[in-house]
Amino acid sequence: MVRTKCSWLMRAINLINGVLQWVATTIDDGLTRSFHFLGGAIADRPWLTIIASTLCAAGCLVGFIAFEEDTSDTLFTPKNAQSIKDARYISSLYSGSLRNIEVQFFAARLNNEGQNILTVEGIKEMQRLWDKVVVDSRVSWKGKEYSYTDVCTPISNINDDCRVRSVLQAFNFNRNKEVDNLGSDQEVLDAINDPNFTDVFQRPMRMEAILGGITRGDNGRITAAEAFASNINLEYSLERAGDDRSDPLIDKWEEEVVDLTLEFEDKDAEFLQVYVSNSAAASSESTDAINRDVRLLIIGYILIIVWCAVSLNRNSWVYQKSHLAFWAVIAIVLGAGAAFGLVSACGVKFNLTIQVSPFLLLGLGIDDTFVLIGTYFQQDRRMGVRARIAGCLAAGGTSITITSLTDFIAFIVGYWTDLTALQSFSAFVATGILFVYIFQITFFMGFLALDARREERALRGYGKGKCNPMGCACCCTNTADLENSPMPPPLSITEMTEGGADDAYTPPPKQEGGRGAVWDPSHDVHPVSEDQESSPPEYRTPLCVPVPWGPKHFDPQAPTATTLMAGVWLPRLILPWYGKVIVFLIEAAGLACAIYGCTKVYQDFRPREWFLPEGSWLLEAFQLEDTYFGGGQTQIDIYTKEPPAGSSYFDLQDELAAIPGTLVASEYMAEVPPFISWYRLFLEYVQKVKPAADLVNGRPGSQNDFMAWLIEWLSTPQGAAFEGNVVFNPDRTDLLSSKMTGYSKEYVDASWAVKLTEDVRMLAEKAAPNLNGMAFSRSFYNYDGFDMVTSLTLRNVITAAVAVFIVMLILLANIPAALLVLAMIVLCDVGLFGFMWWANLTFNIITFIILVIAVGISVDYSGHVARAFMIAQGTRQERAHYALKHIGGEVLNGAFTTWLAIIVLAGAKHYIFMSFFKLLFALVVLAIWHGVVFLPVCLSLIGPASYRSESPAKDKDSTDSDSVPGTKNKEVEEGTEVVAV
């Protein structure tokens with residue numbers, strides 16, 4: 001019974017494989033024919049191709065007119081997150097409440113941390129800072145000068161004084177020379193401890209908000225403090241902002257405040273170390289760090305050009321290709337620019353995560369160049385330019401189509417996600433991959449065709465002179481001399497210029513059991529005899545062609561160093577039985593370390609600190625704020641909404657009263673600063689000024705009294721502070737909404753933040769069920785992202801893996817082979833996730849993006865090797881060696897260029913660039929290990945049968961010989977077949 005089931009299963013698999021082989025053959029033949037035709041057209045009109053490509057790029061670059069950068073707080077927030085829904089509700093009722101712009105100044109004793117600053121010199125220096133930065137500063141906007149009083153947030157609608165909070169309020173901001181007349185430190189302490197010291201709303205000043213590191217005496221009086229804090233509030237104007245998200249006047253003011261504070265710190269500070277902290281300063285520092293890191297791109301492009309020039313260098317003036325490195329990079333630049341212009345024209349906004357994309361496109365794009373140059377050198381150089389370029393693109397075009405398609409799929413799946421940052425990143429990079437691919441097979445191939453013409457002219461002696469250094473001395477001789485040279489007789493003039501007598505492309509004959517995936521460029525132009533097939537001629541440059549150095553003979557088809565490394569030296573290490581044992585032991589050890597790292601890695605994201613460069617003065621400001629003023633705490637606003645029909649806020653006062661106690665009871669909420677409830681303060685006012693006979697249990701006795709007294713209280717100095725905390729209905733007979741404020745405990749990590757968000761939302765609903773209690777904080781944008789990042793990662797990684805698996809299934813036309821490639825992808829992603837802990841990285845939105853794109857990058861290496869293995873004939877051992885020999889060199893070249901493109905990021909300062917460097921570097925290592933080392937070993941043991949296998953029994957025998965180069969594998973080592981991978 002079991003045997004019958006297995007038999008049916010094998011028949012089903014064989015049937016599916018047969019269908020897949022037919023599909024793959026059809027696609028492969030169609031691609032090969034198309035690229036052969038395109039290559040011939042490019043060879044005929046290279047300049048037209050180059051000009052048309054350039055004009056296409058120029059047309060797309062026009063899209064930069066619509067270029068727009070997204071700097072919103074919701075970049076890393078899922079679009080359907082609760083915080084975004086809540087923000088819409090708040091912005092519809094509380095004008096400007098989501099744009100509360102606050103600038104904070106901090107000061108501590110210079111070079112003497114922990115010393116008292118409540119001294120005469122400390123207060124006087126703080127006053128000088130205030131005068132310079134706030135009182136005396138001016139900014140110009142639209143031809144008019146604005147002072148602080150013109151842009152500050154007023155206390156209330158009935159009081160135009162600026163809303164501020166500072167220790168200098170105890171000295172009336174020196175309006176009457178109070179600071180200038182200070183004579184002793186005791187006078188400073190007396191002013192601070194004065195019971196009449198109030199804030200702008202005439203409430204007792206909360207000392208913890210303006211002083212840090214407070215020391216109190218036995219009587220409770222403040223005797224010392226270690227830090228000052230002062231706050232100013234700037235009024236955001238929707239009218240000035242218009243369609244933009246930012247108020248240009250306020251932006252200029254924030255920049256001016258930051259510049260003047262840093263100038264004061266640099267030139268005027270004598271006793272205090274002063275800092276300024278606000279969103280504009282943090283954004284400016286982060287942007288500056290990104291811009292400095294982006295400059296590394298220039299170094300990266302230079303390194304790539306130099307490396308390509310060295311790699312493409314040939315010991316022959318005729319076959320020299322170093323100069324093509326420049327045009328390869330230009331093709332990448334044009335492709336990236338055209339893609340970015342087109343995506344911008346489609347309305348997709350640029351964001352800070354996309355800054356790293358030019359490095360990715362450079363590394364991925366230059367791989368295509370090496371494949372095209374490699375397949376060009378594999379062409380019979382006796383053929384004409386047209387035949388060589390057509391053959392090059394027929395073989396190489398199919399290869400880079402496969403890699404570009406898998407990369408495109410892996411990136412584009414990220415577009416169908418809820419994260420704005422990932423959507424934009426995927427759109428820009430996926431389109432960039434597509435356009436870089438297009439410009440490689442058009443723009444770059446045009447220059448390769450021109451260079452092929454140069455080769456031909458040089459070999460025939462055309463140029464500046466008959467026997468010039470870039471020409472060929474043998475051109476001074478006749479045909480008989482050439483026939484006596486070490487090079488085989490040249491093709492006729494017609495064949496050299498027209499590609500032979502037969503330019504029409506005919507696909508190679510199908511091999512039994514195969515799918516015609518191996519394409520031989522000599523087939524369509526110059527069939528060779530059986531003798532030549534069994535012993536291919538050694539094509540060399542004639543002795544008369546000058547070479548810069550080394551041997552007098554140059555073989556353009558000689559293996560490169562990377563080909564020797566992957567095809568000769570590596571198989572000798574990993575394919576013998578002892579090599580396989582070592583490879584499996586290394587893989588087991590690496591996987592164990594990765595799994596251990598997976599169990600240790602945790603979720604966290606701190607953009608405020610991490611998006612600043614190391615050594616930034618703002619980091620010191622944040623540290624001071626966190627140490628003394630609760631900078632790690634999250635302000636959380638509790639909103640109540642419109643009451644149900646038939647009831648009012650008067651009827652639901654119990655819910656208003658329950659909110660503070662319910663929220664503060666949470667294990668995540670802090671008692672200091674205290675929870676601020678407008679309702680509690682309103683009741684205190686009512687109980688203080690209204691007759692007890694008019695009250696019921698200390699509350700207003702009727703709906704009319706409730707509303708009348710509330711309006712009355714809001715017009716008092718104390719009540720004016722909460723004018724923006726309540727929203728009336730149009731006829732002011734009831735409230736539509738209200739707001740209270742509390743503070744969380746110090747931030748721990750992302751998991752803690754997710755629990756905090758869930759807890760306060762639940763408690764807000766519980767405390768005010770009829771008023772639909774709602775908890776909101778701007779930090780919840782990030783916290784909601786934390787909550788969904790795990791599910792988003794799993795969904796996108798699985799989607800990308802399935803999409804790539806389908807492509808591999810069609811490409812390889814074999815289920816076991818596709819599953820092996822998928823296994824390599826999974827191992828790469830597991831290794832990368834575990835590596836995050838070892839690299840001191842956390843799981844967050846940034847690292848999530850890299851985990852998704854890892855699928856596309858890792859398949860490039862494994863897919864090529866698996867396809868070469870399926871094409872080869874012989875035992876599994878021989879086919880594994882064949883795969884390494886015929887594609888391993890190109891894979892290593894591609895890996896090295898990707899490394900080179902990102903290695904410059906090792907000097908980056910911004911968190912995004914540093915994270916991308918660490919993970920991309922590790923990804924390439926993992927992809928190379930699994931694609932070029934571990935996969936060939938697995939294939940040599942359990943690899944599926946070859947497409948061309950005439951004897952399945954032979955293919956099953958992979959262990960009867962550990963053939964390696966120089967032993968029993970001579971036939972495979974010396975094969976000259978060209979694999980279209």
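A residue is called buried when its relative accessible area is under 20%. In this predicted model, threonine 842 has 6% relative accessibility and therefore counts as buried.

**Threonine 842**
- Threonine 842 lies in the loop that links α27 (815-838) and α28 (845-871).
- The threonine 842 side chain comes to 2.8 Å from the backbone oxygen of aspartate 604.
- Beyond its neighbours within four places in sequence, threonine 842 is in contact with Tyr602, Asp604, Trp610, Met836, Thr847 and Tyr911.

**Helix α22**
- The buried residues of helix α22 (residues 653-664) include Gln653, Leu656, Ile659 and Leu663.
- Among the elements covering the buried residues of α22 are the strands β12 (635-640), β14 (699-700) and β16 (735-743), together with the helices α23 (678-689), α24 (703-714) and α25 (750-767).

**Strand β1**
- In strand β1 (residues 101-109), 8 of the 9 residues are buried.
- Strand β10 (residues 227-234) pairs with β1 in the antiparallel sense over 8 bridges, and valine 103 stands opposite isoleucine 232 in β10.
- Strand β11 (residues 272-277) also pairs with β1 in the antiparallel sense, over 6 bridges; here glutamine 104 stands opposite serine 277.

**Annotated transmembrane regions**
- The unreviewed UniProt entry carries the annotation "transmembrane region" for several spans, including residues 47-67 and 845-870.
- Residues 47-67 are 71% helix and 0% strand, with end C-alpha atoms 31 Å apart.
- Residues 845-870 are 100% helix and 0% strand, and their end C-alpha atoms lie 38 Å apart.

Notes
Residues numbered from 1 in each chain as written. Predicted model: local features only at pLDDT ≥ 70, side-chain atom pairs only at ≥ 80, totals over all residues. Heavy atoms only, no water. UniProt positions renumbered as here; feature names shortened; annotations may be inferred. Helix = DSSP H or I, 4+ residues; strand = E, 2+ residues; numbered from the N terminus. Buried < 20%, exposed > 50% of the residue type's maximum accessible area, 1.4 Å probe, protein only. Contact = heavy atoms within 4.5 Å. Polar contact = N/O pair within 3.5 Å; in protein donor to acceptor, adjacent residues only side chain to side chain. Pairing = 2+ DSSP bridges.
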